[in-house]
Amino acid sequence: MQVYYKDWQGNRKRKQKRGFRTKGEAKVRRQLNRQLEVGGILITMVDNRTNYARDISNLIYDTYGS
């Protein structure tokens with residue numbers, strides 16, 4: 001999966017994601033429960049008054065669904 005985002009200077013960046021979505025997910029599956037499935041993502045500590053926070057929230061919703 002490829003994710004496109006803008007850094008703090010406004011430059012467009014691309015990130016390649018492979019395997020698990022997060023390192024935490026990989027660690028939990030490896031150490032605790034191999035049959036674990038991620039049911040969703042909870043976005044916390046977001047100030048939607050800023051354009052950056054709104055853009056990141058939208059990027060997360062577009063990438064992982066709502």
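**Figure 1. Lining of the second largest pocket in the predicted model.** Tyr4, Tyr5, Lys6, Asp7, Gly10, Tyr52, Asp55, Ile56, Asn58, Leu59 and Asp62 form the lining of the second largest pocket. Two elements, strand S1 (2-6) and helix H2 (51-64), each give two or more residues to this lining. Helix H2 gives the most, with six residues.

**Figure 2. Space and residue classes of the second largest pocket.** The second largest pocket holds about 210 Å³ of space. Among the residues of its lining, five are nonpolar, two are polar and four are charged. Rolling a probe the size of a water molecule over the atoms shows where empty space is left.

**Figure 3. Salt bridge between Lys13 and Asp7.** The model has two salt bridges, and one of them joins Lys13 to Asp7. The closest N and O atoms of this pair are 4.0 Å apart. Asp7 is buried, at 17% relative accessibility, and Lys13 is partly exposed, with a relative accessible area of 36%. Asp7 also belongs to the lining of the second largest pocket.

**Figure 4. Salt bridge between Asp47 and Arg49.** Side chains of opposite charge can pair when their charged atoms come close. Here the side chains of Asp47 and Arg49 meet in a salt bridge, at 2.8 Å from N to O. Asp47 is partly exposed, with a relative accessibility of 31%. Arg49 counts as exposed because its relative accessible area of 71% is over 50%.

Terms used
Residues are numbered from 1 along each chain as its sequence is written. This is a predicted model: local features need pLDDT of at least 70, side-chain atom pairs count only at pLDDT 80 or more; totals for chains, interfaces and linings use all residues. Side-chain values use heavy atoms; hydrogens and water are left out. On a 1 Å grid over the protein atoms alone, a cavity is a set of points where a 1.4 Å probe fits but cannot get out, and a pocket is an open set with protein on both sides within 12 Å along at least five of seven lines; lining residues have an atom within 4 Å of a point. Grid points are joined across faces, edges and corners, and a volume is the space filled by probe spheres set on the points. Helices (H or I, at least four residues) and strands (E, at least two) are DSSP runs, numbered from the N terminus. Ala, Val, Leu, Ile, Met, Phe, Trp, Tyr, Cys and Pro count as nonpolar, Asp, Glu, Lys and Arg as charged, and the others, Gly among them, as polar. Buried means under 20% relative accessible area, exposed over 50%, partly exposed in between (1.4 Å probe, protein chains only).
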